[in-house]
Amino acid sequence: MDLDERKRIILKAIIQTYLETGEPVGSRTISKYTDLNLSSATIRNEMSDLEEMGYILQPHTSAGRIPSDKGYRLYVDELMQEKEKEVTEIKELMIEKTDRLEKVLKQVVRVLASNTNYATMITGPSYHRTKLKFIQLSRVSEYQLLAVIVAEGNLMKNQFIDLEEPIDDEQLLKLNLLLNSQLNGLTLGEISLDMIQRMKQQAGIHSQVVSRVVDALGEAIQPDEEDTPIYTSGATNIFKYPELADTARASQLISALEDKKELVDMLKETSSGEEDETGTGIQVYIGKESPIENMSDCSVVTASYDLGDGMKGTIGIIGPKRMDYENVVDNLKTLKVQLDSIFRKKDEPGT
């Protein structure tokens, strides 16, 4: 007897319902649960076949069915295959998007330097208020789990979790259901201590798994300040302006432009400030207002950009105090719109 698609759907519904309720599952419950539009009699016949095949059991006469070890094994194997496929697709998408993003950002700073005749820089996007998409727990050994955490923006974190007590298939499935039903769609700030405590109580002897997953979740969806890339262009443009071209000033500016960490820190500091009155997110720092001491003879203009899914970064332009502010601001406004168009539209279905 073959386990066809209809039987698989009914088996999955029985297992998921039993995991949620802990009670044997009857045909009427399944008829409401699935979208198969089958009668209770037809479902009873399918359940009889599943019982004969060893995937479900009837603990008592006239009672509903519960999953057997064989049923759990099929469910777990298919669930893990499905999640592993999704994780693989996400990894491939991340590589593709990262490669495309790097090329676009490098082109942006080159075009901006050419259009303004100033030095330009742009950070790669970091992630803000990122929401959890799903958690996948799988067993590595009797006393170790692998937690795969995927968050909005396709951020992914792998975390090995050591167990104090061995865990069986049913307990692992219940933990997966518990974590995903409680945490999916939440940002880190929305996960309260009360919520964590309730989950730990429901997890029983495996409460430490909840704690470890929440810790890994924090690492996965917090912005990684250390790895933020920055791209620069037009450093030699500063020699076009006599007030910046003398040896001492030029040397200081070139040194500042080569210090990638200091540039990233500066752009993040400026982007965290209040938006200007027009709401464009453009900030202007003149002379000593600049966060970098070696740029005190310059003006720095910055703008934030938003690629969606909580992905945000900052663009910066450095030039003399007598820079053409109107041209710089116009260029930044145009770039903000172009970046939005390039990424948000291309990622929409059918584009």
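**A tour from lysine 7**

Begin by selecting lysine 7, which is buried, with a relative accessible area of 6%. The model on display is a predicted one. Lysine 7 is found in helix H1.

Next, select the whole of helix H1, residues 5-21. Among the buried residues of H1 are Ile10, Leu11, Ile14 and Tyr18. At the start of H1, display aspartate 4: one of its side-chain oxygens comes to within 3.3 Å of the backbone nitrogen of arginine 6. After the helix comes glycine 22, with a positive phi near 75°.

Glutamate 46 belongs to helix H3 (residues 40-52) and lysine 7 to helix H1, so the pair ties together parts that are 39 residues apart in sequence. Is glutamate 46 buried or exposed? Glutamate 46 is buried, its relative accessible area being 4%.

Aspartate 49 counts as partly exposed, at 21% relative accessibility. To see the network of salt bridges, select Asp4, Arg6, Lys7, Glu46 and Asp49 together.

Finally, move to glutamate 243 and arginine 322, a salt bridge whose closest N and O atoms are 2.6 Å apart. Glutamate 243 lies in helix H8 and arginine 322 in the loop between strand S11 and helix H11, so this pair ties together parts that are 79 residues apart in sequence. Arginine 322 counts as exposed, at 54% relative accessibility.

Note on methods. Residues are numbered from 1 along each chain as its sequence is written. This is a predicted model: local features need pLDDT of at least 70, side-chain atom pairs count only at pLDDT 80 or more; totals for chains, interfaces and linings use all residues. Side-chain values use heavy atoms; hydrogens and water are left out. Buried means under 20% relative accessible area, exposed over 50%, partly exposed in between (1.4 Å probe, protein chains only). Helices (H or I, at least four residues) and strands (E, at least two) are DSSP runs, numbered from the N terminus. A polar contact is a pair of N or O atoms within 3.5 Å; within protein, one must be able to donate a hydrogen and the other to accept it, and residues adjacent in sequence count only if both atoms are side-chain atoms. A salt bridge is a side-chain nitrogen of Lys or Arg within 4 Å of a carboxyl oxygen of Asp or Glu.
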